[in-house]
Amino acid sequence: MALPYSVLKVCGDIVFAARGGDIYSFTTGLEYISAWKYPVKQANAPSGLSSEPAASPAPECPPAKRRRVEPEDGSAPAAQAAEPETTEAKNKKPQQQQQQQQKRKTGHQKHTVELPIIQGLYTTTDGRHVVAITGSDKTIWVFEHDGAGNLKQLSQRMMPKRPCSLAITPDNKTILSADKFGDVFALPLIYSEQQPKETDASSAASTPVSTPSTPQSFKPQANELTIHTKRNLKALANQKLGLKHAGSAKTVEPVFEHTLLLGHVSMLTAIAVATKGDSRYYIITADRDEHIRVSRGMPQAHMIEGFCLGHDEFVSRLCIPDTRPEVLISGGGDDDLFVWDWAAGKPLAKTNLLGHVQKLLPAINKIAVIRILACRPRQEDGNGPAWVFAVCERIPALFAYELLQDGTLQHRQTIPTPGNPLDVEFLESSSQLLLAMDPDAAAREEGNVTSSSLRVLSYEPATASWQLADNESGRVKGLPVADDGDAAVLSAEDVQRALYTTESLRKTNSEPAE
């Protein structure tokens, strides 16, 4: 299976669309301009999907850690302490090794190499820079945009922990990076190199810790007098041996400036910047534990202004309409969309979303919001309605609401789509919507995955509704054959793993609260 376009970003009259690890630029009429390729060897792999490095700028940080390979049968890694082996276990060992070797030959093993997927695209308000994140290598990419759709890579910075969402401060000078360990870091937009610092792990306890990348000292709480079983004594001995080796090891901190601003006790899922007045801005963060926090902007980001509490499930998306900066719209694993007066931490309204999904697909009993977009199409009288669009994971439809003056959302339209929407953006110059989606089976059988994964929706002022344009309106024009990608084949599991990640944020009944 080929990967479709999955992330969109409109910058003036330019459309940036990410497919795999590559970023393509188009005009608003979807005429191809140029492409930036993820810097890896492309041989025998779809566009941007090889794990062999090519000649490219060296990462500005230490290399990523390798993941352990775990067999599908759930057997424990060899490094774990185990009970003394019996004669029967020793006799079974060669047989188990033979089975594992057979699994490796047939490929029946968990994937340990993640595809380089662009997970987010962001632009500065002046359109001069584009920022992207790839989660598999924890890297933030900064590009210079010439205004005509051509990108020049300025830097690549590997963060200590995997970023999940970014925001750019109103002055276009700082990137705010929210990661999956609950921290928000500030990075200068333009890269400035610092000298790498070597730190002794054994002396970390007496050294001030500025970032989570600095190693922390660890001392076992147990000792030989408090434990009695042979297995636990062996585990304690292994811990002490590991600490002894770690004491002489040196770690290298990232060589770029990154400042810890604030943190949650749970995985962060979204970040947004809100303004109040002309000079003050606020950082709004959401996490897996149903919290939305409002913090002051730099340099007082440690000051909490308030919370927006009311979600019962994870919060995955935040949206602040350009025309209503005092309003925050949030969604996630709940049945509803929420509207807030974020400055006061006051809920204005919530509207049902699951009910409209069930009218289309009655068997669905839970949803995960992956995108919220707010826009206002231009009209001759200039008084068009303010629209809010919601996209749910694996639901082949776009849900359109009108944002009323009192902050309530009123459902106006459910727009079925020929595939699962992945992202949506507003083309202000033409008052149209551009939709990126995972095409249906018919489009895949025709081999038109990339060319049919973009569709256009037009606004009809007379009926105050949106109409999905014909197939030709969503086909890119002039894309080189080598970049088409229709001949590239991935396993269905790889495509699913790359495109659908939000529902996995939902906690199971057996999972303890964080």
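In which strand is the place of Ile304? Ile304 belongs to strand β18, which covers residues 304-307. The structure described here is a predicted model.

**Surface patch**

- A nonpolar patch on the surface is formed by Ile304, Phe307 and Leu309. Together these residues have about 280 Å² of accessible area.
- Ile304 has a relative accessibility of 43% and therefore counts as partly exposed.

**Nonpolar cores**

- The largest nonpolar core contains 21 residues. Within this core, the residues with the most contacts are Ile329, Leu337, Leu353 and Leu409.
- Two or more residues of this core come from each of β20 (327-332), β21 (336-341), α3 (354-360), β23 (369-375), β24 (387-392) and β25 (397-403). Strand β25 supplies the largest share, with four residues.
- A separate, second core has 17 residues, among them Ile370, Phe389, Ala400 and Met437.
- Apart from its neighbours within four places in sequence, Leu337 has contacts that include Ser330, Ala349, Leu353, Val369, Ile372, Tyr401 and Leu409.

**Surroundings of Leu373**

- Leu373 is part of strand β23. Its relative accessibility is 9%, so Leu373 counts as buried.
- Although Leu373 and Cys319 are 54 residues apart along the chain, their C-alpha atoms are separated by 6.8 Å.
- When residues up to four places away in sequence are not counted, Leu373 touches Cys319, Trp387, Val388, Phe389, Val424, Glu425, Phe426 and Leu433.

**Aromatic pairs**

- A pair of aromatic rings is described by two quantities, the distance of the centres and the angle of the planes.
- The whole structure holds 13 aromatic pairs. In one of them, the ring centres of Tyr5 and Tyr24 are 5.8 Å apart and the planes stand at 90 degrees, so this pair is edge-to-face.
- Tyr5 lies in the segment before β1 (7-11), whereas Tyr24 lies in strand β3 (residues 22-27); the pair therefore ties together parts that are 19 residues apart in sequence. Tyr5 and Tyr24 are both buried.
- The rings of Trp387 and Phe389 have centres 6.1 Å apart and planes at 15 degrees, so this pair is stacked. Trp387 is buried at a relative accessible area of 2%, and Phe389 is buried at 0%.
- Tyr5, Tyr24, Phe26 and Tyr32 are linked into a cluster by ring pairs.

Conventions
Residues are numbered from 1 along each chain as its sequence is written. This is a predicted model: local features need pLDDT of at least 70, side-chain atom pairs count only at pLDDT 80 or more; totals for chains, interfaces and linings use all residues. Side-chain values use heavy atoms; hydrogens and water are left out. Patches are made of residues with over 30% relative accessible area and no salt bridge: like charges are joined within 9 Å, nonpolar side chains (Val, Leu, Ile, Met, Phe, Trp, Tyr) within 5 Å. Accessible areas come from the Shrake-Rupley method with a 1.4 Å probe; for residues, only the protein chains shown count as cover. A salt bridge is a side-chain nitrogen of Lys or Arg within 4 Å of a carboxyl oxygen of Asp or Glu. Buried means under 20% relative accessible area, exposed over 50%, partly exposed in between (1.4 Å probe, protein chains only). A nonpolar core is a set of buried Ala, Val, Leu, Ile, Met, Phe, Trp, Tyr and Cys residues joined through side-chain atoms within 4.5 Å. Contact means heavy atoms within 4.5 Å. Rings of Phe, Tyr and Trp (its six-membered ring) pair if their centres lie within 6.5 Å; planes under 30 degrees apart count as stacked, over 60 as edge-to-face and the rest as tilted.
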